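Work through these exercises with the structure in view. Try each task before reading its solution.

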Amino acid sequence: MNQIIKYLHQPYPCPARTWKTIAIISLLVFTILFIFKPFGISMITSEWRFWIILGYGVVTAMAVSVQIYLSPLLFPRYYDENRWTVGRNIFSTTITLILVALGNIAYGYVFGITWQHLNISVFLSALFITVAVGIFPIVLITILRQNRLLSISLREAGRINDSLERGRHNPNSSQMQQNESVITLSGTGKGDLLEMPASQLLFIEACGNYVKVNYLKNNMTAQKMLRATIKQIEDGIIDYPSIVKCHRAFLVNLSAIRQISGNSQGYRLTLNGTEDEVPVSRAFTSSIKTKIGQLSS
């Protein structure tokens, strides 16, 4: 039991919240209903069948939209992508399945298409069958995807660590040359100015209307808040190729990376002088890998 609980807490990529996800799920429901014609749909006059089944697709789109767009607004901490796990993904997908089932049962009943003799017993039975049939592929797909992404991340993390090690022992690498330059970070507030050798900068994290700069000072980790957005800071450091965006809320100094570990969400960066880990989202994994290779050459 403990192993199951531990596995459910494994990191997992937060599902994309885009119209494409809604369109794919709606099209899938439409296709299944159109081909197999369950729940009495086969008894519907053929001239109306297409439009009625299309209605099921529209209801599905509305139900999925609630889960994709409304739920994260109501429960932002639960849907935080940095906290997303295997268990949360299974639960969230099951909720989506239930919402789709509820919407389509209501649609069929209100318009007299199916479920004409709907009562609480029939309703609960239909809902139970929907979840029972759907939960197995949900769990199976989640497990297979988590294992595949974890395997890819671990393999790629090993290769990047090898590249980093070669760069540390190459005095002519771009990484070594970058460490000698000085970087200036500024914000819009009074006294919002920070200057240091580039080698001392660790990472920068977005905090609302501010950014938190994490750097080394006298071999100790220090922090300073600047009133600026992560985009403003990013635009001001274009002359420093080793400082790059690795996540929507993080900039990292690639020259400060001590080690890279992988999970199904992407990479985790361990930096010199601190035990804090910086996340690399899957959208940035390819560019981070490329830039580390360039700096190490």
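The model is predicted.

**Exercise 1. Find how many bridges join β8 and β9, and in which sense the two strands pair.**

Solution. 
- Start with the pair itself. β8 and β9 (residues 266–271) run antiparallel and share 6 bridges.
- Pick out one bridge. Ile260 has Leu269 in β9 as its partner.
- Now place the pair in its sheet.

**Exercise 2. Decide whether Ile25 is buried, partly exposed or exposed.**

Solution. 
- Locate the residue. Ile25 lies in helix α2 (residues 19–36).
- Apply the cut-offs. Buried means under 20% and exposed means over 50%. Ile25 has 28% relative accessibility, so it counts as partly exposed.
- List its contacts. Beyond neighbours within four places in sequence, Ile25 touches Thr60 and Val64.

**Exercise 3. Classify the crossing of α3 and α4 by angle.**

Solution. 
- Take the geometry. The axes of α3 (residues 46–74) and α4 (residues 86–110) come within 8 Å and cross at roughly 140°.
- Draw the conclusion. This angle makes α3 oblique to α4.
- The crossing is right-handed.
- Name residues that meet. Among them are Trp51, Thr60 and Val64 in α3, and Ile95, Leu99 and Tyr107 in α4.
- Sort the contact by class. It has 11 nonpolar, 8 polar and no charged residues.

How values were computed
Residues are numbered from 1 along each chain as its sequence is written. This is a predicted model: local features need pLDDT of at least 70, side-chain atom pairs count only at pLDDT 80 or more; totals for chains, interfaces and linings use all residues. Side-chain values use heavy atoms; hydrogens and water are left out. Two strands pair if DSSP finds at least two bridges between them. Helices (H or I, at least four residues) and strands (E, at least two) are DSSP runs, numbered from the N terminus. Buried means under 20% relative accessible area, exposed over 50%, partly exposed in between (1.4 Å probe, protein chains only). Contact means heavy atoms within 4.5 Å. Axes are lines fitted to C-alpha atoms, for helices over the stretch in contact, and angles run from 0 to 180 degrees between N-to-C directions. Angles under 35 degrees count as roughly parallel, over 145 as roughly antiparallel, 65 to 115 as roughly perpendicular and the rest as oblique. A crossing is left-handed if the near helix is turned anticlockwise from the far one by less than a right angle, and right-handed if clockwise. Ala, Val, Leu, Ile, Met, Phe, Trp, Tyr, Cys and Pro count as nonpolar, Asp, Glu, Lys and Arg as charged, and the others, Gly among them, as polar.
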